[in-house]
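Reader: I am new to this structure and would be grateful for a close look at one part of it. Which side chains meet in salt bridges, and are they buried or exposed?

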Amino acid sequence: AGVCRAACVCRAWRSASEAPDVWRQGDLSRCRGLVTDAALRQLSRRLRHARVLDLSDCDRVTDTGVEALLSCEGWLPLPFSKTEKDEWDRTADDHGLAQAWYGREVVVKENRFRVYGFGCDDHGRQIVKGRTGSGQEVIVSLQCVRDVLRGAPALDPDEAPNRLAPAWVLERVSISGCKLVTIRGARMFESTAAVVEGLPGPVTICVEAEGDIAHRRLIFFKIRGNQPLKRLLRAYLQSAILQYPEVPLDFYFEDRVVYAHDTAQALGLRDASVLKATLPRMRVLVCGVLSLTRRGSVEVTVRASEPTSAIVKAYQLKVNDASPIRLSSSCYHFVPICGERSPVQYGWGHGQVVYAFPTESEQRQLMPGCSGGIWVPMAGAQPEADRE
């Protein structure tokens, strides 16, 4: 932050602030509140000279900012496998190259790439294989790369000079406290061959099913602190043996909705933290019948796993009337809905319409034609809901 402020003093100070040696130690933890993805994108050209980068507690930085930082000119990813590294170490001496030159950046005829292996072309000539920042394969003669790495100039003065890439290497990165940097962002830093510090350790998380929606009520999972919960949620759906597999589940942690892209570190999950798995909320339209008609239609929201008695409580709370009511799926005939069964057991969906009747004693006082819990319309009579 001090270097950036000094750059605003005058042109000379601005020129001095852009010197590569000034940015060898990129400590951004002191201004953590100002470090965002956009800030990393603006500083990418200066930070490309950094050997040590400290992003500790920069909790506004995400994988997008890491990608923007590493996509600047100067940083090439190192997308190589351990097998390729072992092969290089085994054969580098035989080809006159050092093991330490694995992944070294070179520029040959304006093509900038990292060297990672050996081979032969169709004519039996020895070649060196490399990859560009976009992952494109490059094949160059072994002698040419050997000369470049040993510091020899280009053979043809008319061609673009073959040379080593800028002599800097990102050696160490600290992302301790970067809650929004997932394992994807950490692997981006690791692809530069840097040592990444502050990686969160694994945590054991318990997923608990609410009600009878699953045959296995408690399932424990072990996951990295910066790994998105997408795989965990998918694994739970496959192993819980759900009672209603066609209905999607919602996951909560301390009344906060858990999404697939969230990480354990971002949610503040620790060992033995519990995620709640429950059926989603659904809207039910309750229409009053007889004396309840004056209240009109009332929309309530309940969980699909709750008993239908929860609809009654929500209805009473919304109309501010604690009078007992019964629910029915028919307007003209009282077909009672059991209060212990859940909406999902009835096969209800969003916008389900049910009818609220008074209790049996009140119904007899209001309508003498009511018998046995079933209201039969009298001659010339209509339900109050249908009257004009």
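Author: A residue is called buried under 20% relative accessible area, exposed over 50%, and partly exposed in between, with a 1.4 Å probe and protein chains only. This is a predicted model, in which local features need pLDDT of at least 70, side-chain atom pairs count only at pLDDT 80 or more, and totals for chains, interfaces and linings use all residues. Residues are numbered from 1 along each chain as its sequence is written, and side-chain values use heavy atoms, leaving out hydrogens and water.

A salt bridge is a side-chain nitrogen of Lys or Arg within 4 Å of a carboxyl oxygen of Asp or Glu. Under this rule there are seven salt bridges.

One of them joins Arg217 to Glu208, with 3.3 Å from N to O. Glu208 is buried, at 16% relative accessibility, whereas Arg217 is partly exposed at 42%. Together with Lys276, Glu208 and Arg217 form a network of salt bridges.

Another salt bridge brings together Arg184 and Glu67, at 3.1 Å from N to O. This pair links distant parts of the chain, 117 residues apart: Arg184 lies in helix H7 (residues 183-190) and Glu67 in helix H4 (residues 63-70). Helices here are DSSP runs of H or I with at least four residues, numbered from the N terminus. Arg184 is partly exposed, with a relative accessible area of 43%, and Glu67 is also partly exposed, at 39%.

Asp27 and Arg30 likewise meet through their side chains, at 3.5 Å from N to O. Arg30 is exposed at 75% relative accessibility, while Asp27 is partly exposed at 31%.

Methods:
Helix = DSSP H or I, 4+ residues; strand = E, 2+ residues; numbered from the N terminus.
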